[in-house]
Amino acid sequence: MINGSDIPVNFFTCDVAPPRLFTHLSLEASRDFAAIQTVQEVPRGTVLFSEGQAPTAIVMLQSGSARLSVCSSRGERLILRIAKPGELLGLSANVSGKAHEVTAETTIPSQIVFIKRKDFLRFLKEHSDACMQVVQMLSNDVHAAYDRVRAIGMARARHVRN
Amino acid sequence: MLSPYGLEIIESCLTCKLREDRLFCNLSPGAVKDLEAIKYSTAYPKGAVLFVEGQAPRGVFILCKGRTKLSICSSDGKTLILKIAEPGEVLGLSATVSGKPYELTAETLDPCQVNFVKREDFLRYLRDHNEVTLRVAEQLSDKYNTACHEIRSLGLSHSAAEKLAKLLLEWSDKNGGSKTPGRMKLALTHEEIAQMIGTSRETVTRLFADFKKRQIIQLKGSTLTIRNKQALETLVSP
């Protein structure tokens, strides 16, 4: 799926997602969050998770960048946006337990933090301040996704081929 | 208690029999009691606008009964229907949490019962009840999922026929548990279906006529029957 033809990037790439590391966590929550992380250096082109894959871990981008995309059954790829350092990736799939709806692939050598899904969910249950921040992050993700729907949907409505 | 719109109003969340079946509402007794204290229950007629895209967020709307159309608009007035919300969904959630304007317009398709919770009350309620915050995270994840699905469908479908075939297959899948999975009531007009797949009303009418001619579907009044599911699937993945 990853090697399908790209749709021009300039129209679809987007930098709207804000920096989003957990901030202002309690000392205890910060300590617990640090305890469940596994840091890893990955090369360019590493697929962190794929569309349709069951969620097993949250990925936090410490440095570098990752391309978030969706694919058609023909293998065509649509880039949603480029994720920046500090972002939590795979959040909605890990929270809902449903398959990943996007593919995340590093665009440059990156440092990432993996947090196993079950550890992450336990962490959220135990720390309401972190849970509230996750809800805010998800709200931003939803807003960014709707912006993309608006841009693509309205552009396509004008150029629909029958 | 009966409302003017023929709705049987659920008077209290504490005694609601539907609570256990609904993701957001199935909360602990303490959380339900606190929700009961901050919500305003209202019955709306068909066609009522709950909130408008671009409006500052006032709060969330918990859909108890009826369906609501969620749509976005372009600056030149084109409408794209993103989703038909079903009972149990919380509307205006991401705007209320983030403080950004509502990103969609919500309009009732049927008479609806809605529980409204003011933004400041809702945010305080979330801070006091971590279990509710987790439910909200799940609902937001679903909304993100829906948006990604829509992006895929709009951005990567090549033709209006493919998009209409996809929509009919989705409706058929949703109807899968019924005795007649390939048969469904069309609750939307051709105009609204066009707004769901980003095309014109004329194209939808023409495609329905074409599908009928090729015996892919049968239309009797508002009842649609899929006669050749495989043909629809071929249109989606040629």
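Helices (H or I, at least four residues) and strands (E, at least two) are DSSP runs, numbered from the N terminus. This is a predicted model, in which local features need pLDDT of at least 70, side-chain atom pairs count only at pLDDT 80 or more, and totals for chains, interfaces and linings use all residues. Residues are numbered from 1 along each chain as its sequence is written, while chains are lettered from A and ligands numbered from 1 in the order in which they are written.

**Exercise 1.** State where V32(B) is found, and decide whether V32(B) is buried or exposed.

Solution. 
- Step 1: V32(B) belongs to helix 1 (residues 29-38) of chain B.
- Step 2: A residue is buried if 20 or more other C-beta atoms lie within 10 Å of its own, exposed if 12 or fewer, and partly exposed in between, with C-beta atoms placed from the backbone.
- Step 3: V32(B) has 20 other C-beta atoms within 10 Å, so V32(B) is buried.
- Step 4: Two residues are in contact if their C-beta atoms, placed from the backbone, lie within 7 Å. Apart from neighbours within four places in sequence, V32(B) is in contact with C13(B), L14(B) and L27(B).

**Exercise 2.** Describe how helix 5 and helix 8 of chain B pack.

Solution. 
- Step 1: Axes are lines fitted to C-alpha atoms, for helices over the stretch in contact, and angles run from 0 to 180 degrees between N-to-C directions.
- Step 2: Helix 5 (residues 160-174) and helix 8 (residues 229-236) of chain B pack at an angle of about 130 degrees, their axes 8 Å apart.
- Step 3: Helix 5 of chain B is therefore oblique to helix 8 of chain B (under 35 degrees counts as roughly parallel, over 145 as roughly antiparallel, 65 to 115 as roughly perpendicular and the rest as oblique).
- Step 4: Residues of helix 5 of chain B in this contact include L168(B) and L169(B), and those of helix 8 of chain B include L232(B) and L235(B).
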